[in-house]
Amino acid sequence: AFLTNGARRPGLWAAVLGAWVVWMAFDGWRLARAAPAETTGHRWLPVGVAVLLLVLEAAGLWSYAALGQRAFAEGMAAYWDADCRTAIQHFDHVTTLYELTLSSNVAAADAGIVECSLLVFAENARGQGEYAEAVDGYATYLDLYPESVLIIFARDTLAETYGEWATQVRQTQDYQAAIEKYEVVLSDYPETPTGKQAAALAAETYAEWAAQLREAGKYGETIDKHRIVLSEYPDTPAGEQAAALAAETYDEWAAHLREDGKYEEAIGKYDIVLAEYPDTPAAKGARAAAAETYAEWAAQLRRDGEYEEAIEKYQLISGEYSGTPTAAEAQEPAAGTYAEWAAQL
């Protein structure tokens with residue numbers, strides 16, 4: 001029975017055991033008939049020994065079955081606690097040491113080993129940082145055991161694995177890959193603990209990506225990332241800061257354009273700050289900075305002898321940017337430009 005996995009066919013082996021008992025009874029009757037009619041000694045002694053042996057055998061079988069049941073119960077307790085490593089140890093005892101109990105627990109323990117092995121495999125892969133294999137393992141478990149009591153545990157752990165994977169690639173500055181992992185969690189496992197944090201983590205990743213791009217001087221791409229955060233993750237901590245950071249980026253971009261003499265483009269950036277991000281700290285100085293840029297542009301035009309365009313800029317400063325320090329000072333350079341133009345004429 002042990003060598004042939006008898007627990008899978010308990011009826012067959014119960015019949016074999018019954019036949020064996022019947023044969024022993026028949027053989028005992030046969031031998032008794034062949035015995036002499038007159039015997040000596042105590043007749044109760046063999047009967048008593050036989051009864052004692054049967055009692056001991058029954059007690060042993062009962063104890064054996066009880067130990068098997070206890071091992072199975074301990075395995076199930078670990079299984080319900082999602083401790084599959086411990087569960088497999090106890091289930092393995094049931095399927096080896098206690099296989100000859102011929103109990104249905106043996107088949108259940110065997111199935112439990114198969115089921116738990118998937119989770120242990122995925123856990124091992126996750127522990128070794130092999131997140132792709134871990135994700136495949138948990139996903140396979142969810143497909144094969146959709147009604148299991150461990151389905152919530154497996155789903156939560158799968159989401160955690162995606163989160164750890166995203167953190168790993170985020171540390172290597174592969175921000176796009178990290179965001180893709182967070183988006184999987186958001187779309188497929190939003191009710192898990194990791195799913196409830198995924199939006200904030202994705203927004204943080206976009207913010208880190210934007211900071212890296214801004215440091216590299218890629219202002220347009222930087223602003224694109226802040227806009228994504230503003231549109232898709234507005235209720236996250238990073239989303240609450242995205243508008244201010246986008247405005248700062250525009251301000252910094254405008255300053256670099258001013259240094260390069262690209263005044264019109266610089267003013268365009270300041271205008272965007274004033275129009276789209278009026279409540280940010282950067283917007284408070286954007287109007288004055290735009291006026292200063294116009295003044296620098298006008299001065300450059302004056303040096304180039306383009307007096308008419310220079311005067312247009314000074315007039316624009318006085319009209320559209322009144323109240324700024326530059327507007328208060330614009331009259332004198334405008335008059336000087338007129339004088340130079342007159343002298344040239």
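Start by selecting helix α13 (residues 307-320) and helix α15 (residues 331-344), which pack at about 165 degrees with their axes 10 Å apart. Axes here are lines fitted to C-alpha atoms, for helices over the stretch in contact, and angles run from 0 to 180 degrees between N-to-C directions. Helices (H or I, at least four residues) and strands (E, at least two) are DSSP runs, numbered from the N terminus.

The model is predicted: local features need pLDDT of at least 70, side-chain atom pairs count only at pLDDT 80 or more, and totals for chains, interfaces and linings use all residues. Residues are numbered from 1 along each chain as its sequence is written, and side-chain values use heavy atoms, with hydrogens and water left out.

α13 and α15 are therefore roughly antiparallel to each other. Angles under 35 degrees count as roughly parallel, over 145 as roughly antiparallel, 65 to 115 as roughly perpendicular and the rest as oblique. The crossing of α13 and α15 is left-handed; that is, the near helix is turned anticlockwise from the far one by less than a right angle, while clockwise would be right-handed.

Now show the side chains. From α13, the contact takes Y307, E308, A310, I311, Y314 and Q315; from α15, it takes P333, A334, T337, Y338, E340, W341 and Q344. Contact means heavy atoms within 4.5 Å. Color by class: eight nonpolar, three polar and two charged. Nonpolar covers Ala, Val, Leu, Ile, Met, Phe, Trp, Tyr, Cys and Pro; charged covers Asp, Glu, Lys and Arg; the others, Gly among them, are polar.

**Next stop: α8 and α9**

Select residues 193-215 for α8 and 219-232 for α9. This pair packs at about 165 degrees, with axes 8 Å apart. α8 and α9 are therefore roughly antiparallel, and their crossing is left-handed. Pick out A203, Y206, W209, A210, L213 and R214 in α8; they meet Y219, E221, T222, K225, H226, I228 and V229 in α9. The contact of α8 with α9 has eight nonpolar, two polar and three charged residues.

**Then α3 and α4**

Select 84-96 for α3 and 104-127 for α4. Their angle is about 150 degrees and their axes lie 8 Å apart. α3 and α4 are therefore roughly antiparallel. Their crossing is left-handed. Residues in the contact include F91 of α3 and L119 of α4. By class, the contact of α3 with α4 has 11 nonpolar, five polar and four charged residues.

**The largest pocket**

Select A1, W13, A14, L17, L61, Y64, A65, L100, T101 and L102, which line the largest pocket. A pocket is an open set of points on a 1 Å grid over the protein atoms alone, where a 1.4 Å probe fits, with protein on both sides within 12 Å along at least five of seven lines; lining residues have an atom within 4 Å of a point. α1 (10-34) and α2 (44-80) each give two or more residues to the lining. The lining has nine nonpolar, one polar and no charged residues.

Where is A82? A82 sits in the loop between α2 and α3. A82 is not a glycine, yet its phi is positive, about 65 degrees. Move on to Q173, in the loop between α6 (151-171) and α7 (175-188). Q173 has a positive phi of about 65 degrees, although it is not a glycine.
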